[in-house]
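Biologist: Could you put the model up, so that we can go through a few places in it together?
Modeller: Here is the view to work from.

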Amino acid sequence: MYRKWIKISLIIIYLVIVAGAVVRMTGSGMGCPDWPKCFGYLIPPTQEAEITWQANQDYFKGQIIVYGEALKVAQTNFTSGKDFNLNNWKKYEKHSYSTFNATHTWIEYINRLLGALSGLAVLIMALLSIKKWKVRKRITLISFFTLGLLLFQAWLGATVVYSELLPSRITMHMLVALIITALLIYLLNATSIDNRLHRASSRFRSLLGIGILLSLIQVALGTQVRQSVDEMVRAMGSNGKSEWLLDPGIKFYIHRSFSIIVVLINLGIWYINKKKNLGFNWTNALILLVIVEVLSGMAMYYLDFLFGMQALHLVMAALFFGVQFYIFMQAQKAQLKSA
């Protein structure tokens, strides 16, 4: 039962990453201006009229509306009169963003729902791990640490909104998501009863470790590159796709150059596994994922950000990291054999 909930947690975490990629691709990050609710609602509004002030309307404490190009928060439960009464409202202080887009709101809301679902799954997993305490304390400790990190991730998500999508917060948010997936993969591997014999050379392990580090660096650089693109979008508009990367900046070129190193490192992992017959079949998936990752990156650059490529690029990066880490965990269990 415990391993079942590790798998469920891991699947939902990846669904959250997919939802986050869609949020990023569609620019829906500020679809809900508050957290954890959305315009003060547990279920967000679907029409602009619901967040616009109206006469003779019932309002509840904490409800948010857009008024005078700013967000206002109801201070109490009340029914509005014929004229707007400023005494019933206070200015929303977390940030100054005040645009409503129903599509963006619901995309972000679904992302949050999946985040809450992942929290529930990890909580159940952590509670089930208590049974492991007498036998393997480390399993229980890491399970609860994962739960704590997920709570931190939720708080971090709130700061992303409050900072109006500050690039450094987005980068940290993504990296923490990858760390959570790594912890879940560790727990899955640590509780595995797979008795298949693998062999692992020191060179193989070293390349895997380097590959994992490079993947994290690539993800961090990628989020920074995307922020540069967002700034170009705001400056040139959504119709100027062909001009978004005319002057992409040094981070883009570092990110692109790193991709060559990442490909070579993982080709080395695949080649050593095949040549030495180490038995790590997931290296084939690793190469497939790195190919899709590179192609989706090229499609964004050469095909003017072809629709869906950004989300695919991010999701492939997360899957690629997960497979890398899984193979690394398998290699840690394997018999050590010199290269």
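Biologist: Where does proline 36 lie?
Modeller: Proline 36 lies in the loop that runs between helix H1, residues 2–26, and strand S1, residues 58–59; please keep in mind throughout that this is a predicted model.

Biologist: And what kind of peptide bond joins tryptophan 35 and proline 36?
Modeller: The bond between tryptophan 35 and proline 36 is a cis peptide bond, with omega at about 5°.

Biologist: Is asparagine 56 buried or exposed?
Modeller: Asparagine 56 is exposed, because its relative accessible area is 60% and the exposed class begins over 50%.

Biologist: What about asparagine 277, where is its place and what is its phi?
Modeller: Asparagine 277 has its place in the loop between helix H6, residues 250–276, and H7, and its phi is near 55°, a positive value in a residue other than glycine. Asparagine 277 counts as exposed, since its relative accessibility is 57%.

Biologist: Changing topic to the helices, how do H7 and H8 cross?
Modeller: The axes of H7, which covers residues 282–302, and of H8 come within 9 Å and cross at roughly 155°. That angle makes H7 roughly antiparallel to H8, because angles over 145 degrees fall in that class. As for the hand, H7 passes H8 in a left-handed crossing.

Biologist: Which classes of residue make up that contact of H7 with H8?
Modeller: By class, the contact of H7 with H8 has 16 nonpolar residues, 7 polar ones and 1 charged.

Biologist: Where is histidine 313 found, and what does it touch?
Modeller: Histidine 313 is found in helix H8, residues 309–333. Leaving aside residues up to four places away in sequence, histidine 313 touches His255, Glu293, Ser296, Gly297 and Met300.

Biologist: How far apart are histidine 313 and glutamate 293?
Modeller: From C-alpha to C-alpha, histidine 313 and glutamate 293 are 5.5 Å apart in space, while in sequence they are 20 residues apart.

Biologist: Does that histidine 313 count as buried or exposed?
Modeller: Histidine 313 counts as buried, because its relative accessibility is 17% and the buried class takes in values under 20%.

Biologist: Now glutamate 108, is it buried or exposed, and where is its place?
Modeller: Glutamate 108 has its place in helix H2, residues 102–128, and this glutamate is buried, with a relative accessible area of 7%. Not counting residues up to four places away in sequence, glutamate 108 touches Val23, Ser28, Gly29, Gly31 and Cys32.

Biologist: Stepping back to the chain, how many helices and strands are there?
Modeller: The chain has 8 helices and 7 strands, and its C-alpha atoms fill a box of roughly 80 × 55 × 25 Å along the principal axes.

Biologist: How many of the residues count as buried, and what supplies the exposed area?
Modeller: Of the 339 residues of the chain, 47% count as buried, and the chain exposes about 17800 Å², of which carbon and sulfur atoms supply 63%.

Biologist: And which share of the contacts comes from residues 24 or more positions apart?
Modeller: Among contacts in the chain with a separation of 6 or more, residues 24 or more positions apart account for 71%.

Notes
Residues numbered from 1 in each chain as written. Predicted model: local features only at pLDDT ≥ 70, side-chain atom pairs only at ≥ 80, totals over all residues. Heavy atoms only, no water. Helix = DSSP H or I, 4+ residues; strand = E, 2+ residues; numbered from the N terminus. Buried < 20%, exposed > 50% of the residue type's maximum accessible area, 1.4 Å probe, protein only. Contact = heavy atoms within 4.5 Å. Axes fitted to C-alpha atoms, helices over the stretch in contact; angles between N-to-C directions. Parallel < 35°, antiparallel > 145°, perpendicular 65-115°, else oblique. Left-handed = near helix turned anticlockwise from the far one by under 90°. Nonpolar A, V, L, I, M, F, W, Y, C, P; charged D, E, K, R; others polar. Areas by Shrake-Rupley, 256 points an atom, 1.4 Å probe, with all protein chains shown as cover.
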